[in-house]
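Morning, everyone. Let me put the model on the screen and walk you through it.

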Amino acid sequence: MFFHGDDPTPADAGSASVDPRQLTLRFADSDQERASSSAPMSRWAARARNPGRVVRLPAGGRPLEEIRLEQAVAAYLPPGHDLRLTLTNNRYSIVAVRRGPAAYVVRIHRIFLGAEPRLARAVARYVVHNDRRASAVLGEFIERHEHIISQAPRRPRLVRLRPAGRVHDLQDIFDRLNRRYFEGMLQARITWGPAVFRAQQRSIKMGSFSVEDRIIRVHPALDRAEVPLFFVEWIVFHEMLHGRHEIRRSGRRRCFHPREFLSQEREFSDYARASAWEKENVDRLFQR
Ligand SMILES: [Zn+2]
């Protein structure tokens, strides 16, 4: 996962104030929520009363699985309390509860789909009382499903981009190639990748294209005077083609090059020169 921005960076903290490793301990801002619901008019209530902002889909538009889970949990609520439950893929907040005046508003991770009655009851107890035993039951369940949570699609993150290198300016290269080969239409961002060498890494990726963020990363070893511009251009061009032939990849990322991709790759004006240069120099380039 070397090139796909998995390492938590400070910039990442903007999208979630919680360290993902503390995932299992994270249950909403319950203290905050409780405080706000006892206020004369909570932020949430104000928002709910504002007709322009919140649009509830008619029941017909909701996924059946969401309605089922809502009903399963609602069965354990004290009478007179409404529940509005939404399924999420939010890996930072597994269960979030707003205790509004009219209803409990719960956002809950999809791992709870098909939860057994015991668990639905624990969710209800957690929603109503936030009691310790219920938290423990949920915490244990979340821990067992952590592997699923961490596979869930990420939401867009803040990524610090560093396109200007010491020698080569990736943004310049990108813009030039975009005009020349993509009619200026290719949407992506570009940056030098982090300078990380893994001990037993067999191959080193010179470039990568992240499907989620549409970010091209180029290995910083290429930011040297002895690396010719046409070679950096070629690496960038290759990754830009991935942006055109975007493929939703599941699980571990692989480099996928359909025939059309490969033929377009040959349209690069320095194709022959670049591949020859690679054969001759790439080993030396990545020697440690
Ligand atoms: Zn590729």
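Start with an open sheet of three strands, in the order E4-E6-E5, with mixed pairing. Strand E4 (189-192) and strand E5 (207-210) are the edges, each with a single partner strand, so one side of each has no neighbour in the sheet. From one strand to the next, the twist averages 20 degrees.

Some ground rules. This is a predicted model: local features need pLDDT of at least 70, side-chain atom pairs count only at pLDDT 80 or more, and totals for chains, interfaces and linings use all residues. Residues are numbered from 1 along each chain as its sequence is written. Helices (H or I, at least four residues) and strands (E, at least two) are DSSP runs, numbered from the N terminus. Two strands pair if DSSP finds at least two bridges between them.

Back to the sheet. E4 and strand E6 (residues 215-218) run parallel, joined by four bridges. Arg189 has Ile215 in E6 as its bridge partner.

Now the helices on this sheet. Helix H7 (residues 170-181) lies across E4 and E6, at about 145 degrees to E4. Helix H8 (residues 229-244) lies across E4, E5 and E6, at about 20 degrees to E5. For these angles, axes are lines fitted to C-alpha atoms, for helices over the stretch in contact, and angles run from 0 to 180 degrees between N-to-C directions. Contact means that the C-beta atoms of two residues, placed from the backbone, lie within 7 Å.

What does the largest nonpolar core contain? It has 22 residues, and Leu170, Ile216, Val218, Ile235 and Val236 touch the most other members. H7, E4, E6 and H8 are the elements that give two or more residues to this core. H8 gives the most, with eight residues. By nonpolar core I mean a set of buried Ala, Val, Leu, Ile, Met, Phe, Trp, Tyr and Cys residues joined through C-beta atoms within 7 Å. Buried means 20 or more other C-beta atoms within 10 Å of the residue's own; exposed means 12 or fewer; partly exposed is in between, and C-beta atoms are placed from the backbone.

Look at Ile235 up close. Leaving out residues up to four places away in sequence, Ile235 touches Met206, Gly207, Val218 and Leu222.

Next, another sheet. Three strands form an open sheet in the order E1-E3-E2, with mixed pairing. E1 and E2 are the edge strands, each pairing on one side only. The twist here averages 15 degrees from one strand to the next.

Take the pairs in turn. Strand E1 (residues 82-88) and strand E3 (residues 103-109) run parallel, with seven bridges. Leu87 is bridged to Ile108 in E3, and Thr88 stands opposite His109. Strand E2 (residues 95-99) pairs with E3 in the antiparallel sense, over five bridges. There, Val97 stands opposite Val106. A hairpin of three residues joins E2 to E3.

One more residue: is Glu260 buried or exposed? Glu260 is in helix H9 (residues 259-265). Glu260 is exposed, because 11 other C-beta atoms lie within 10 Å. His245 is 15 residues away along the chain, with 8.9 Å between the two C-alpha atoms.

Finally, the whole protein. It has ten helices and six strands. Of its 288 residues, 22% count as buried. Among contacts between residues at least 6 apart in sequence, 66% join residues at least 24 apart.
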